[in-house]
Each structure stands twice: as structure tokens, then as C-alpha cells.
Amino acid sequence: MSDKVVMLDTEELSDSTVADEQKDVKEWANMMNKGTVHAVEGLSQTVGRNITVTSFNLRTVAADDICDMVGGPETSMVGVYLSIQSGAPGHILLLYPPEIARGLIDMLMGQKSSNTHELEEIEQSALAEVGNIVGSYFLNSIADDTGIRFVPSTPQVMMDMAGMIVSMALEDILGRQYTDDIFVMETEFRSDDKKLNGVLMILPSTDFLSIVKKHTE
């Protein structure tokens, strides 16, 4: 897989960025970018396809606006959700349109295209394994840079409107902090034949940002 990624333009960050200085933001961007490359490498190896990162965006977003990043709160999505259970609190979401999720399952199970029509237990298990691999690759990369041990939760596969899927992570984060602004890392990726594209969304709490920053100083 290619290591080419889209780097963050820090000049586009809003004034509400968690980092106090542009240097901190750049360091965060580089760390998140590296973790994303590793996560997508894990996905590429799992499905046996060359997958590349097509966009990378690190910013703060009002909680009410996060669903707009994936087409709006009523957009039908298939999500794989993991929470970060140790080291520092945060959340990982893999989001796919339903037809893309079914195509991904076909790849994972060695089936012909358009063979998957329903997401039953076996199909959901396959998607959960993808989430586990992507989450582990990402967290292992961050652990290499910080020395903090991160453990992802058991992946949960959800088929619902984007608003319902994202709300699980938002409820936990907003309960831990005093601002409605959420620090979001959004990555889009796709395969060479355009049959696989999705969004990897990292939602760290402010505690996560503070702990990781302390270990990189």
C-alpha cells in the first residue's frame, strides 16, 4: 500500500482548536496522520486490496454539526464503533454507506460482487473484525509515539441513521468536558477500483488530548 497521505493545512483550523499553539496542532496532525496510514494499511491487508487515504481533516466541530460530515443525521449508514478503554478516553468510528458495507463483506468473504444483501450475524462479525483491526493499528501507532498503552473495546456494528450511530460517542465525550466543541479527525479512503470508500472518524476527549500531549513533551 502507498504511504501517500493528505497532510493537514493548519491555516484552515478554526480559532477554537484545542491546541494553544500552531506547533502543537502540527504535532497532533502528524501523529494522527501516521496513525491513520497504519489503520488503512490494516484495512488494506484485511481485504486484499490497495487502499489509499484520499483526504485527512483535523478540526474542532460543534457536536450538533458532526453528522453533517457524513451527509446529515438522517443518512443511512453502517457503523463500526469502538471506545478507547484505557490510557486515555476516546472513540473510533468506521462509517460506510450500506451498499459499500455489503461490498466490503463480499470482499472479506471471497464472494462475488453484490452477493451480500442482508447484514446478519456472520456479516456483522466480518465488519466487526475490520473495525478491530483498523482500531488496533491506529492505537498501536499512537502508542509507539507516546508510550501509552491503548486498548480498544469490542467493536459494535450498527445499522442506523448517522445521528444515532454518532450519538453513542458524543454522549460519552460531552459528559466528560465543559464545551460542546468536539475534536474530530476525519479520514476518507477508497480502493483503486472505487468499490470501497468510507470514513474513519476519531473522536478523542479533551482528556485524551491532554494525556497524549503530556507524554509527547
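**Chat: polar contacts, cores and helices**

User: Which side chain does His-91 meet in a polar contact, and at what distance?

Analyst: The side chains of His-91 and Tyr-81 are joined by a polar contact of 2.8 Å. That term covers N or O atom pairs within 3.5 Å; within protein, one must be able to donate a hydrogen and the other to accept it, and sequence-adjacent residues count only if both atoms are side-chain atoms. This is a predicted model, where local features need pLDDT of at least 70 and side-chain atom pairs pLDDT 80 or more, while totals for chains, interfaces and linings use all residues. Residues are numbered from 1 along each chain as its sequence is written, and side-chain values use heavy atoms, without hydrogens and water.

User: Is His-91 buried or exposed?

Analyst: His-91 is buried, because its relative accessibility is 2% (buried is under 20% relative accessible area, exposed over 50%, partly exposed in between; 1.4 Å probe, protein chains only). His-91 belongs to strand β3, residues 90-96 (helices, H or I, at least four residues, and strands, E, at least two, are DSSP runs numbered from the N terminus).

User: And what does His-91 touch?

Analyst: Beyond four places in sequence, its contacts (heavy atoms within 4.5 Å) include Leu-82, Ala-169, Asp-172, Ile-173 and Met-201.

User: Switching topic, how many residues are in the largest nonpolar core?

Analyst: It has 46 residues, and Met-32, Tyr-96, Leu-127, Phe-138 and Phe-150 have the most contacts inside it. Such a core joins buried Ala, Val, Leu, Ile, Met, Phe, Trp, Tyr and Cys through side-chain atoms within 4.5 Å. Met-32 touches Phe-56, Leu-58, Phe-138, Ile-142 and Met-185, leaving out residues up to four places away. A second, separate core of 22 residues includes Leu-95, Ala-162, Ala-169 and Ile-182.

User: Where does Ala-162 sit?

Analyst: Ala-162 is in helix α4, residues 162-174, and is buried because its relative accessible area is 2%.

User: Nice. Now Thr-146: which helix is it in?

Analyst: Thr-146 lies in helix α3. Thr-146 counts as buried because its relative accessibility is 8%. Its side chain reaches the backbone oxygen of Ile-142 at 3.0 Å. C-alpha to C-alpha, Thr-146 and Val-212 are 6.5 Å apart, though 66 residues apart in sequence.

User: What comes just after α3?

Analyst: Gly-147, with a positive phi of about 80 degrees. Just after α2, Gly-110 takes a positive phi of about 65 degrees.

User: Which residues of α2 are buried?

Analyst: In α2, residues 98-108, the buried ones are Ile-100, Ala-101, Leu-104, Ile-105, Asp-106 and Met-107.
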